[in-house]
Every structure is written in C-alpha cells, then in structure tokens.
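Hi,

Here's the structure I promised to pass on. Have a look at it first, then read my notes on its pockets below.

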Amino acid sequence: MKHCKKLTLLLIAALLLAAALMTGCTGRTPAQDAPADTKKEGIYVRLERDDAYAVYLNSDSFTKVCKNADGTPLKSGEWIFAGEDIAKLSREENRSVLFTVGASGSDDTLLEEASFFYDVAKGTLYVTVGAEGVTCSTSGEPDAMADVPPVLKLAILDEIDETVTVGVSGSSLRAVQAAVQLIDWGMNTGLGADEIGEAASTWLATKNDGLTEYLQKLEMVDDAYQKLLTDEARDMLDSAGCAGVEITWGSQPIEPIEAIMQAAGLR
C-alpha cells in the first residue's frame with residue numbers, strides 16, 4: 001500500500017511539472033490533423049520550425065506569450081490554443097480585431113512576425129509560423145490554403161503613440177524627436193505611398209476610443225516635421241536634444257510621410 005501511495009504521489013508530481021513547463025498556453029494537440037476541439041473560437045498557432053523559444057499573440061487590448069518554463073525550444077508541429085480573448089473582444093465590441101503573431105529565439109531575437117484581422121464571424125483561425133514566414137488560414141487541415149491575407153503594420157505609428165505625449169511639459173520636444181524618427185523612416189522605407197496610406201488607415205481604424213488623442217499626437221509630430229523641412233531645422237534639433245542629428249533631408253515633402261498624414265486627414 002505504501003508503494004502504491006508513493007507511486008501515486010510521484011505521478012501527480014510529474015503531471016504538475018509537465019503542466020508548469022508551458023506558460024500562457026491553454027491547449028496543445030498534434031498538428032498532423034486539425035485541432036481536436038475546433039469549436040473553440042479564437043486563434044490556434046503552430047510552429048513549423050525548431051529554433052523558436054517563444055510564441056506570442058498580441059492585439060491592442062492584450063498579449064499572450066507561450067514558452068517553456070525551463071527555457072527549452074518549443075516543440076514544432078503542435079497546435080497551441082491562444083485563448084478566447086480575441087473572440088470575446090470581437091463579439092463585445094462588434095468589430096474586427098487586428099492581431100499580431102510572432103516567434104522569438106533564445107535571445108529574444110525576432111524570428112518571424114505577421115498581423116491579421118480576426119472577426120468572430122470566422123470562428124477560428126489557424127496561424128502557422130514557419131521558416132519562411134507566418135501564414136493564416138480559416139482551416140486547420142493539412143496543406144490548407146493561407147486564405148487570410150496579412151495586414152501591413154507601420155511600426156513608426158506605434159513608436160509615435162508610445163513616445164509623444166499631449167499637454168504635458170516637454171511634449172513639444174518629444175514631438176520633434178519623433179519627427180526626426182519619422183523623417184528617417186520616410187527616407188529609408190521601401191514601401192509605396194499607396195500601401196502606406198492603406199496601412200495607416202487600417203491602423204488608425206483600430207484605435208477606437210484612443211483615436212482622438214492619437215490624432216493630436218500625430219498633428220504635433222506633423223507640425224514639427226513640416227518645420228524641420230525649413231531653415232528652422234538646425235535650431236529645433238539643437239533645442240530638442242538632437243544636436244548630433246545631421247540634416248540629410250531637403251525642403252521637399254517626403255512622400256511616405258505625406259501618405260500617413262493624408263490617411264489621418266491632415267492633408
């Protein structure tokens with residue numbers, strides 16, 4: 001009897017340890033077939049690469065991260081259910097929700113990342129993170145078509161949102177600093193004006209209640225950007241703590257930036 005009790009305790013301990021090795025995940029099933037419980041509304045993610053140590057899903061309202069607690073790589077070829085939060089959000093707010101899925105390596109280096117729209121009317125989406133990119137499908141069957149198109153994201157818009165403040169001390173200086181980053185991005189991006197405008201419109205549409213404040217931030221950055229195209233540039237840079245920034249731009253509007261401002265209704 002003592003041996004039976006000891007064996008039972010060992011089994012329980014083993015199960016608890018196995019459960020503790022995965023954080024931020026609510027289900028894993030072999031990916032050879034569609035996930036066993038396809039009635040769950042939300043996002044399933046699977047890896048098709050062996051060098052990922054974390055998988056994440058984030059939206060404007062939440063972030064989910066899945067990784068092994070012991071620091072080992074995640075297993076390839078298994079479906080991971082990222083929870084029903086996104087379905088709940090889409091249903092309650094009656095809108096499509098922009099989300100991003102990505103994977104990172106052992107040193108948190110970004111391996112792959114892509115963004116898509118989720119609508120509760122679709123029920124369940126299946127995202128695959130492979131060596132050549134991230135795809136999304138409405139089916140979890142083997143070799144299912146990637147029938148959910150990716151959404152182009154402009155990281156520069158997130159940076160402006162995070163760094164620029166409205167109505168506080170130093171806000172104008174931060175706007176100049178953000179404008180410098182925006183100019184650098186605009187001069188070096190390989191994106192066309194049409195796709196930038198479409199991506200900016202999509203991004204702005206996801207701001208919902210925060211749109212008014214963001215437009216105020218963008219207007220401040222736009223004002224600084226336009227002044228940086230004039231003879232005031234050097235004095236503005238020096239005053240904003242950007243004395244080391246070399247003026248490599250001219251006085252002509254920068255097309256990618258103009259596309260963003262047009263999408264925001266500032267042109």
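Let's begin with the second largest pocket, which has a volume of about 180 Å³. A pocket here is an open set of points on a 1 Å grid over the protein atoms alone, where a 1.4 Å probe fits, with protein on both sides within 12 Å along at least five of seven lines. Volume is the space filled by probe spheres set on those points, with points joined across faces, edges and corners.

Quick heads-up: this is a predicted model, so local features need pLDDT of at least 70 and side-chain atom pairs count only at pLDDT 80 or more, while totals for chains, interfaces and linings use all residues. Residues are numbered from 1 along each chain as its sequence is written, and side-chain values use heavy atoms, leaving out hydrogens and water.

Who lines that pocket (lining means having an atom within 4 Å of a point)? Among them are Thr-100, Glu-113, Lys-153 and Asp-158. β8 (110–118) gives the most, three residues, and α3 also supplies at least two. Helices (H or I, at least four residues) and strands (E, at least two) are DSSP runs, numbered from the N terminus.

Now the largest pocket: its volume is about 300 Å³. It's lined by 16 residues, and Ser-59, Asp-60, Lys-153, Asp-158 and Trp-203 lie nearest its centre. β7 (97–104) and α3 (155–163) are the elements giving two or more residues to this lining, with α3 giving the most, five.

Cheers
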